[in-house]
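I opened this notebook to keep track of what I looked up in one structure. The entries follow the order in which I checked things.

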Amino acid sequence: MSKKISVFRSPEGEAQFVQAYDAILKQWPVAYEEHYIPTRYGDTHVISSGPLGASPLILLHPAGGGAAMWCRNVGPFSQQYRVYAIDTISEANKSILTRPISPRHQRQDFTDWMIDLLEGLKIETTNIVGNSF
């Protein structure tokens with residue numbers, strides 16, 4: 001197993017973050033599952049909601065955010081889609097980074113990460129929703 005590369009300043013800060021994150025998940029308006037998808041950059045945290053077998057919908061958060069930010073939107077989305085709210089690798093969230101994203105090769109690294117993620121989720125086609133504030 002590769003060593004975790006923490007994006008947090010301290011273990012205490014990470015613990016506080018996870019506690020706050022989990023408090024938001026208690027407000028998740030529909031049934032959900034949390035799981036980790038292995039990628040070449042580490043294990044990506046995913047929150048899945050909605051009917052199994054429905055068309056997939058990938059929710060990506062803006063920089064500096066996390067998948068829990070979709071709490072207000074996931075209810076309506078989950079009525080029609082199998083929703084995957086993704087914690088982007090290398091951000092402060094529940095994903096576990098084990099290989100750094102290279103600033104020099106960032107586009108390729110994130111493309112490789114997304115390919116690994118979609119393969120791990122067994123998704124061939126999807127709807128992707130990004131949020132930019």
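Below are my entries, from the whole chain down to single residues.

**Entry 1: what I am looking at**

I note that this is a predicted model, in which local features need pLDDT of at least 70, side-chain atom pairs count only at pLDDT 80 or more, and totals for chains, interfaces and linings use all residues. Residues are numbered from 1 along each chain as its sequence is written, and side-chain values use heavy atoms, with hydrogens and water left out.

**Entry 2: the elements**

I looked up the secondary structure and found three helices and six strands in the protein chain. Helices (H or I, at least four residues) and strands (E, at least two) are DSSP runs, numbered from the N terminus. Read from the N terminus, the order of the elements is α-β-β-β-α-β-β-α-β.

**Entry 3: overall dimensions**

I checked the radius of gyration, which is taken over C-alpha atoms; the globule rule is 2.2 Å times the number of residues to the power 0.38. For 133 residues, a compact globule would have a value near 14 Å, and the protein chain has 14 Å, which agrees. Along the principal axes, the C-alpha atoms fill a box of roughly 35 × 35 × 30 Å. I also took one distance: the C-alpha atoms of Q79 and I101 are separated by 35 Å, although these residues are 22 apart along the chain. Q79 lies in helix α2 (residues 74-80) and is exposed, with a relative accessible area of 69%.

**Entry 4: surface, burial and contacts**

Buried means under 20% relative accessible area, exposed over 50%, and partly exposed in between (1.4 Å probe, protein chains only). Of the 133 residues, 40% count as buried. The accessible surface comes to about 7900 Å², and 52% of it belongs to carbon and sulfur atoms. Such areas come from the Shrake-Rupley method with a 1.4 Å probe; for residues, only the protein chains shown count as cover.

I then looked at contacts, meaning heavy atoms within 4.5 Å. Among contacts between residues at least 6 apart in sequence, 73% join residues at least 24 apart.

**Entry 5: salt bridges**

How many salt bridges are there? The count comes to six, where a salt bridge is a side-chain nitrogen of Lys or Arg within 4 Å of a carboxyl oxygen of Asp or Glu.

I looked up D22 and K94, which form a salt bridge with the closest N and O atoms 2.6 Å apart. D22 lies in helix α1 (residues 11-25) and K94 in the loop between β4 and β5, so this pair ties together parts that are 72 residues apart in sequence. K94 is buried at 12% relative accessibility, whereas D22 is partly exposed at 28%.

E34 and K94 also meet in a salt bridge (2.9 Å, N to O). E34 is in strand β1 (residues 32-39) and K94 in the loop between β4 and β5, so the parts tied together here are 60 residues apart in sequence. E34 is partly exposed, with a relative accessible area of 36%. I noted that D22, E34 and K94 are linked in a network of salt bridges.

D116 and R40 form another salt bridge (2.7 Å, N to O). This pair links distant parts of the chain, with D116 in helix α3 (residues 106-120) and R40 in the loop between β1 and β2 (42-49), 76 residues apart. D116 is buried at 11% relative accessible area, and R40 is partly exposed at 38%.

D87 is found in the loop between β4 (82-86) and β5 (96-97). Leaving out residues up to four places away in sequence, D87 touches several residues, including Y21, H45, H61, K94 and W113.

**Entry 6: positive phi**

Most residues other than glycine have a negative phi. I looked up two residues with a positive value. S90 has a phi near 85 degrees; S90 sits in the loop between β4 and β5 and is partly exposed at 26% relative accessibility. K122 has a positive phi of about 60 degrees. K122 is in the loop between α3 and β6 (127-130) and counts as exposed at 72% relative accessibility.
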